[in-house]
Amino acid sequence: MLTRAGIELTPLRLCVADVLSGEGQALPAADILARVRERHRANKVTLYRILDLFVEKGLAFRHSSGDRAFRYCLGPRFSSRAHCHAYCVRCGRMECLPAPETLVDVAALGERMAMDVVGVEVRIDGVCAACRKAAGEGGETDGPVDAGPGNN
Ligand SMILES: [Zn+2]
Ligand SMILES: [Zn+2]
């Protein structure tokens, strides 16, 4: 994956890629650093350089979100293709979703706008299942919430 992107392999870069690929969600740099540090000695500056490199090479995506932190992801199943995100405005979790083609008819949209579409970014803002559930347990019932097997 890294060599295909033209990135020289180092243990730390592999580790960062591994952390990102295992997530299926976009993580703030601080969280990535914490996870990388479970396995490697790494400092913040080095990590940011690696993330910048990944973004520059099209391997990772950088997202600005509601709060101050940039988030990074590789996308679902390592695909460095455009994909969508669901952002929870309560806890800040940013889940990676499939490519926009499944949600938006990109071709039709491009035609209508007479645009040659090179990228699509869709972000769905809302309150995630876990946060809805937490709110529900606090008294207000919002109907049945199927939280699903979240892995956090
Ligand atoms: Zn949430
Ligand atoms: Zn993503």
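This is a short tour of the structure above, one selection at a time.

Before you click anything, note that this is a predicted model: local features need pLDDT of at least 70, side-chain atom pairs count only at pLDDT 80 or more, and totals for chains, interfaces and linings use all residues. Residues are numbered from 1 along each chain as its sequence is written, while chains are lettered from A and ligands numbered from 1 in the order in which they are written.

**Stop 1: the sheet**

Six of them form an open sheet with mixed pairing, in the order β2-β3-β1-β5-β4-β6. Two strands pair if DSSP finds at least two bridges between them. Colour β2 (61-63) and β6 (123-126): these are the edge strands, each pairing on one side only. From one strand to the next, the twist averages 30°; axes here are lines fitted to C-alpha atoms, for helices over the stretch in contact, with angles from 0 to 180 degrees between N-to-C directions.

**Stop 2: walking across the strands**

β2 pairs with β3 in the antiparallel sense over three bridges, and His63 stands opposite Arg71 in β3. Next, select β1 and β5 (residues 94-97), which run antiparallel and are joined by two bridges; here Gln25 faces Glu95 in β5. Then move on to β4 and β5, an antiparallel pair with four bridges, where Tyr87 stands opposite Met94. The hairpin of β4 and β5 has five residues between the strands, and Gly92 takes a positive phi near 85° there.

**Stop 3: Ala26**

Select Ala26, in strand β1. Is Ala26 buried or exposed? Ala26 is buried because 27 other C-beta atoms lie within 10 Å. (Buried means 20 or more other C-beta atoms within 10 Å of a residue's own, exposed 12 or fewer, and partly exposed in between, with C-beta atoms placed from the backbone.) Now show Cys73: its C-alpha atom is 4.4 Å from that of Ala26, although the two are 47 residues apart along the chain. Not counting residues up to four places away in sequence, Ala26 touches several residues, including His63, His85 and Cys96. Contact means C-beta atoms, placed from the backbone, within 7 Å.

**Stop 4: the core**

Which residues of the largest nonpolar core touch the most other members? They are Val16, Leu20, Ile32, Ala60, Tyr72 and Cys73, out of 23 residues in that core. Such a core is a set of buried Ala, Val, Leu, Ile, Met, Phe, Trp, Tyr and Cys residues joined through C-beta atoms within 7 Å. Among the elements giving two or more residues are α2 (29-37), α3 (44-56) and β3 (71-73), but the largest share, five residues, comes from α1. Click Tyr72 too: leaving aside neighbours within four places in sequence, its contacts include Leu20, Ile32 and Leu51.

**Stop 5: α1 and its partners**

Finish with α1, whose buried residues are Cys15, Val16, Ala17, Val19 and Leu20. These pack against α2, α3 and β3. Where the helices meet, Leu12, Arg13 and Val16 in α1 are in contact with Thr46, Leu47 and Ile50 in α3.

Technical notes. Two residues are in contact if their C-beta atoms, placed from the backbone, lie within 7 Å.
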